[in-house]
Amino acid sequence: MKIIHKIGIDIGSTTLKIIVLDTENRVVYKNYVRHKAGVGEVFLSGLAEISARFPETAFKINITGSAGMGIAERTRCTFTQEVVAAIEAVETLYPNTRTLIDLGGEDAKIVFFEQGKQPDIRMNGSCAGGTGAFIDQMADLLNITPEELGRQAENYTKIHPVASRCGVFAKTDVQNLIAHNVPVPDVAMSVLQTVAMQAVTTLFRGSRAFPETLCIGGPLTFIPALRTAFRNILKLNANDLILPENSEFFPALGCAFLAGKQESTVVLHEIENRFLNNKKSLPSDFLPPLFKNEEEYEGWKANRKIKYLKTRELQPNEALKCYLGIDSGSTTTKILILDDRENVVFKFYSANNGNPLKTVMDGLQTLYNEVENKNIGLQIIGSCATGYGEDLLRSALNLDFGIVETMAHLQGAQWANPRVSFVLDIGGQDMKSIFVRDGVISNIELNEACSSGCGSFLQNFAATMQLTLSEFTAAACLAPHPADLGTRCTVFMNSKVKQSLRENATIGDISAGLAYSVVKNCLFKVLKIANLNIFGQNIVVQGGTFKNDAVYRALELLSGKPVSATDHPELMGALGAALYAKKTHKDTEKYATKTAFDTKCETKELQCRGCTNQCTVIRFDFANGNRSYAGNKCEKVFFSKNSAKEKGYNAFELKNNEIFNLSANKNTSHFNIGIPRVLNMYENFPFWKTLFEQCGMGVVLSPESKLSLYQSGIGSVMSDNICFPAKLAHGHILALSKMKVDRIFYPIVPKEKQEFDSACNSYNCPVVSGYPEVIRSAINPAGNLNIPFDKPVMNFGNKKALKKQCWQYVSQFGVEKNAFKIAFRSALSASQDFLKNLIEPQWKILRKALINDELIFIVAGRPYHADPLIHQKVGQILSDLGVHALTDDVFRQFKSKDFKNLNLVSQWSYPNRVVQAALAVAKLPQCVQMIQLNSFGCGPDSFFMEETGKILKVAGKNHTILRIDEIASSGAIRLRLRSLIESMKSIRN
């Protein structure tokens, strides 16, 4: 009788796993390999190896995995959903399991098992931030393997805050850690911590991990430090978290068990023939080719508008006075030396490899080696740095100047084309678009969260497909049917690429489709361009991404406009810095020998106590006597000598003090009501505190927001798509439960007081008004924490109704009616005083700034954006940069008749204030500008922002939107604000 074995095949987003069981369910063969998008070849290779090992065997086959469905269709094999397959393996081998954690290449799954119930299965949706693909990307940034990242993490000393909502946000934070020379082990463990944090945030949604908890999947199998991160977050003992045998093969193992239940058998040669003979036709939604043929491609390369840098070799024994420009970017370092005739005599380009300062020193050492070998008398008489590492380099190398990236890139673009009207710079992680009018910047747009239109996006895909970037470019330019991959984020794009591979698209078709997507993402997703004529006729492109001919050509085709560049677009930031140094240098022979570039330094870790962010600050003391800091969100306490000497006014400090200053009163009451410092309390806390205290009750306010407080509550967050301010509420409720309060008060407030005559209404958004109900469901303070949780409905839009609702609540505590009436009047008065104290000081600052023609920014958003953990210290950053930052409250004193003329339904209380601020700013001089804060995923903002932008655009003003969320590093926000301020100053000058 013929031997029958069972095969389980798991084809995931990045790996292929095969396991073979004999008749006794013993593992007789297993294989784990990264397919790097070559799914078909790896699949056939695996079958061939099994055929060779078991020549006289028939098989029962079952396939699973995110990329396995297409294989199953083509081979007519049984397909099983991967979680179902994993559950089969768990229930067969580990029947006592209560929780299963499965991390794959792009998928994260949690399964909760409970006796007598169907398993509760939860999977990540669109984001791969908490999966193996993200770990791979972070390892690539550090120029190490994922396995090495895991080994490095085991030697960490400090975990740094990294965003846990989104892989791209987290990447921003990691870039900042790398740029500031944070040790690799600390960066590595911070990455793994955020992977675990995101999986918990996204998937647990109010549930708990009970032992036995099983860990499966490649990342958890091969990276012990990742298991440690999960164990710490879930507060499990070492014995409670189990790594089973063959943990990386569990879905494949489950498929093999399920295959054993099949009736029919096959021989592997038949499966191979089905796969090879059943090819799908090309999809119908492909894009026009970038070039019709190779002849057109070669003609285009010969005729496109390229300006060549003026270069010359360093001559032996020459005496050279020159200018140094350094661009320390997110992923690469660029160095350029100009002589006094603007000839490039030295250039350097290198990946940072996780250590930007060392990379700069390597570049300078290369320069000095050549200088010594040729006996050149080198004098650097002007020097300038730009990019992420600007401050660090200025201190380390004692450079003359620093210049914000956007201004450096404008300098470089104007060298390439003095009539430039639009500059598009696409680097490794950043995208900058600069609109130029009459030689000065009129507007700047930067990607705030998404890096899908940047160079690392293409580089990661090229690496996935085992192509060099030059091979990727060549394949794209000659592809006959570019895949239409849309304008989506990296994770969505991964899914679309896998679908295209299933539909028989070639690697070239996918490469060309990705080139199109980079440009589409830039034009239509980031810039939201409706009329391409706003670019003008003089477009200059910069950044390493535009060394890719496919991206360059895609921009030409999609914009329909001529595009120009230099032969080294990746060096334009360094060129702009060098040109700036030449223009503004002081004629000193500052660096005559290489010993002037001594970057030996001592580092010391400090804990800033300036606010509740409690930033971990690294101090660098350099041999030249300079001192620099890294890790500080603002410069209120720790600042470098290059910072603005005169600080502006920061109204956010005023707002927080006015809302919560009374909470410092000593509480002597025997009955205490706890109030969480969240959402609508940033509007109504003065009212509630006064009311309760006048009624004889004590008020206990939850602590100021901290990262640790937020993390304490994320396990009970019911949806990963809810805004960050709402997520914070969970931590505040848990904090109150430890503060010996008798009950927690968190009211449902559907309406605020109507402030503007012509507004339709004054509703709170559903999240603000309804979140107390979410807290009751997710945390259940009364049942789980043994603390009564009160969520009465309170309507501030109707004073009579509010009074009645307040009396119904406080009367249960034995408060007398007359005492309540006095307390209610006092509470209303406290609300009025709070608003008055918030408006009058800001109004004085605004009037003075208008008289003196000083730059002032109105920062508009929600009341709870005043929370320093939420608003990313925007007010302090603006103040540090020497300008005034006021809140939109300054315009709440005016009645507005303008709402009826707008194309929106003005029914939301908080957005109405933002619109009112825009209307007011539009009527004021150009020295007053507006910045709008937006929490990721905010529903009302999605349509209000467009109308706000139109109001400001008509007045010729910028509409600057800062999307704030869980990003721990404020580097990107600081860059955007500094660029905005510098461009405003250039326009005014």
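1. Which residue forms a salt bridge with Arg312? The partner is Glu318, and the closest N and O atoms are 3.1 Å apart. A salt bridge here is a side-chain nitrogen of Lys or Arg within 4 Å of a carboxyl oxygen of Asp or Glu. Arg312 is partly exposed, at 27% relative accessible area. Glu318 is buried, at 15%. The cut-offs are under 20% relative accessible area for buried, over 50% for exposed, and in between for partly exposed (1.4 Å probe, protein chains only).

2. A word on the basis. This is a predicted model, in which local features need pLDDT of at least 70 and side-chain atom pairs count only at pLDDT 80 or more, while totals for chains, interfaces and linings use all residues. Residues are numbered from 1 along each chain as its sequence is written, and side-chain values use heavy atoms, with hydrogens and water left out.

3. Now the overall picture. The protein has 34 helices and 34 strands. Both are DSSP runs, numbered from the N terminus: helices are H or I with at least four residues, strands E with at least two. Of the 989 residues, 61% are buried. Take the contacts (heavy atoms within 4.5 Å) between residues at least 6 apart in sequence: 73% of them join residues at least 24 apart.

4. Helix α10 spans residues 250-259. Ten of its ten residues are buried, so α10 is largely enclosed by the rest of the structure. Among the buried residues are Phe250, Pro251, Cys255 and Phe257.

5. Look next at strand β7, residues 108-112, which holds Lys109. Is Lys109 buried or exposed? Lys109 is buried, with 5% relative accessible area. Its side chain makes a polar contact of 3.0 Å with that of Glu82. A polar contact is a pair of N or O atoms within 3.5 Å; within protein, one must be able to donate a hydrogen and the other to accept it, and residues adjacent in sequence count only if both atoms are side-chain atoms. Leaving aside residues up to four places away in sequence, Lys109 also touches others, including Val83, Asp102, Arg122 and Leu203.

6. Arg122 has a salt bridge of its own. Its partner is Asp120, with the closest N and O atoms 2.9 Å apart. Arg122 is buried at 10% relative accessibility. Asp120 is partly exposed at 31%.

7. Helix α23 (residues 681-694) contains both Lys689 and Glu693, four residues apart, or about one turn of the helix. An α-helix has 3.6 residues a turn, so residues three or four places apart point the same way. The side chains of Lys689 and Glu693 meet in a salt bridge of 2.3 Å, N to O. Lys689 is buried at 2% relative accessible area, whereas Glu693 is partly exposed at 34%.

8. How many salt bridges are there by this rule? The count comes to 35. Salt bridges also link Lys655, Glu683, Glu755, Asp889, Arg892 and Arg913 in a network.

9. Last, a helix pair. Helix α25 (residues 724-737) packs against helix α26 (residues 766-778) at an angle of about 45°, with axes 10 Å apart. Axes are lines fitted to C-alpha atoms, for helices over the stretch in contact, and angles run from 0 to 180 degrees between N-to-C directions. That makes α25 oblique to α26. Angles under 35 degrees count as roughly parallel, over 145 as roughly antiparallel, 65 to 115 as roughly perpendicular, and the rest as oblique. Among the contact residues are Ala726 and His730 of α25, and Val767 and Tyr771 of α26.
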